[in-house]
Amino acid sequence: NADGWGGGGNVRARLESLRREQLLIQDDIQYLQALGNGDAWIAVGNSDDVLSMARKSSLIGVVVPMSGTTLFADVWCVPASAARKPGGVSPLLNQWFDYTTQPARVNLRVGLRGGVSPIVFDGGGIDYASIGMSGPTGGFVDYDAAGDKNGTRGMGAKIKDFFSRDEKNRGGEIMQGGMPPDEVWARSEFLYPLSPRIKDQYNELIREWAAEALARKQKK
């Protein structure tokens with residue numbers, strides 16, 4: 001939360017509740033192991049990680065929250081020290097950027113695998129027409145195809161309903177090149193760096209959790 005704990009510590013209270021009731025792993029490597037071993041029933045991760053895991057096991061399905069999710073981006077940069085080297089920055093740099101961002105290199109036919117090129121994504125939707133596509137290969141995912149116009153059903157119920165349908169009635173399949181509709185992209189956002197003050201608040205909470213975990217371990 002960019003504003004800190006909020007009035008009355010609401011954000012902190014919510015985090016504590018999630019930790020007690022739902023959180024099992026806080027590790028960007030072990031969370032996939034927990035999912036693969038069956039210790040965890042659901043995991044939140046980037047598309048490359050979860051799609052790779054799902055391809056290895058038919059027991060794992062992939063969904064995108066219709067309420068939106070967190071977006072991640074690979075950022076290329078030139079080290080500041082490169083300009084001080086003999087000859088400066090490589091003259092091939094701009095050519096490399098041009099090459100990697102050519103429309104011909106955009107492959108949306110595999111869906112989310114490998115990510116989405118910035119030349120077709122403007123932050124609010126994907127321009128399929130710019131690369132000669134009318135839409136995603138696997139259709140647009142739609143976990144609410146059975147009807148939830150008022151948004152009253154929980155995500156768990158929607159996912160259960162989604163996986164109970166046959167392939168033709170799922171409204172698009174992530175593993176087969178399906179993609180979220182534009183309204184989901186529009187509701188998603190990048191996780192920007194926190195301010196030093198807010199970062200300190202979260203780090204302090206994590207230290208408290210670590211101390212509690214150590215104390216419980218020592219009692220056993």
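**Figure 1. Confidence of the predicted model across the protein.** The average pLDDT of this predicted model is 79, and 82% of the residues reach a score of at least 70. Among the elements, helix 5 (residues 155-164) has the lowest mean pLDDT, 64. The highest mean, 90, belongs to helix 6 (residues 182-187). Residues 145-152 have a pLDDT below 50, and this stretch makes six contacts in the model beyond near neighbours in sequence. Where pLDDT is low, the predicted coordinates should not be read in detail.

**Figure 2. Overall arrangement of helices and strands.** The protein contains seven helices and two strands. Their order along the sequence is α-α-α-β-α-α-α-β-α. The chain has 220 residues, 28% of which count as buried. Of the contacts in the protein with a separation of 6 or more, 64% are between residues 24 or more positions apart. The accessible surface amounts to about 15,300 Å², and carbon and sulfur atoms contribute 53% of that area.

**Figure 3. Salt bridges of Arg12 with Glu16 and Glu208.** Arg12 and Glu16 both lie in helix 1 (residues 10-21), four residues apart, which separates them by about one helical turn. Their side chains form a salt bridge with an N to O distance of 3.9 Å. Glu16 is buried, at 17% relative accessible area, whereas Arg12 is partly exposed, at 24%. A salt bridge also pairs the side chains of Arg12 and Glu208, with 2.4 Å from N to O. This second pair links distant parts of the chain, since Glu208 belongs to helix 7 (residues 196-219) and Arg12 to helix 1, 196 residues away. Glu208 is partly exposed, with a relative accessible area of 26%.

Figure 4. An α-helix has 3.6 residues a turn, so residues three or four places apart point the same way. Glu204 is partly exposed, with 37% relative accessible area. The protein has four salt bridges by the criterion applied.

**Figure 5. The buried side of helix 2.** Helix 2 spans residues 30-37, and its residues Tyr31, Leu32, Ala34 and Leu35 are buried. These residues lie on the same side of helix 2, because the arc they cover around the axis is only 160°. Helix 3 (47-56) is included in what covers the buried residues of helix 2. After helix 2 comes Gly38, which has a positive phi, near 85°.

**Figure 6. Leu59 and its distance to Gly38.** Leu59 is located in the loop that lies between helix 3 and strand 1. With a relative accessibility of 81%, Leu59 counts as exposed. The C-alpha atom of Leu59 is 9.7 Å from that of Gly38, the two residues being 21 residues apart along the chain. Gly38 is the residue that follows helix 2.

**Figure 7. A nonpolar surface patch of Trp76, Trp96 and Tyr99.** Together, Trp76, Trp96 and Tyr99 have about 370 Å² of accessible area. Trp76 is in the loop between strand 1 (70-71) and helix 4 (93-100). At a relative accessible area of 49%, Trp76 is partly exposed; the cut-off for exposed is over 50%.

**Figure 8. Ala82 in the loop between strand 1 and helix 4.** Ala82 is buried, with a relative accessible area of 15%. Leaving aside neighbours within four places in sequence, Ala82 makes contact with Gly88 and Val89. Trp76 is found in the loop between strand 1 and helix 4, and Trp76 is partly exposed, whereas Ala82 is buried.

Methods:
Residues are numbered from 1 along each chain as its sequence is written. This is a predicted model: local features need pLDDT of at least 70, side-chain atom pairs count only at pLDDT 80 or more; totals for chains, interfaces and linings use all residues. Side-chain values use heavy atoms; hydrogens and water are left out. Buried means under 20% relative accessible area, exposed over 50%, partly exposed in between (1.4 Å probe, protein chains only). The arc is that of the directions from the helix axis to the C-beta atoms. Contact means heavy atoms within 4.5 Å. Patches are made of residues with over 30% relative accessible area and no salt bridge: like charges are joined within 9 Å, nonpolar side chains (Val, Leu, Ile, Met, Phe, Trp, Tyr) within 5 Å. Accessible areas come from the Shrake-Rupley method with a 1.4 Å probe; for residues, only the protein chains shown count as cover. pLDDT is the predictor's confidence in each residue, from 0 to 100.
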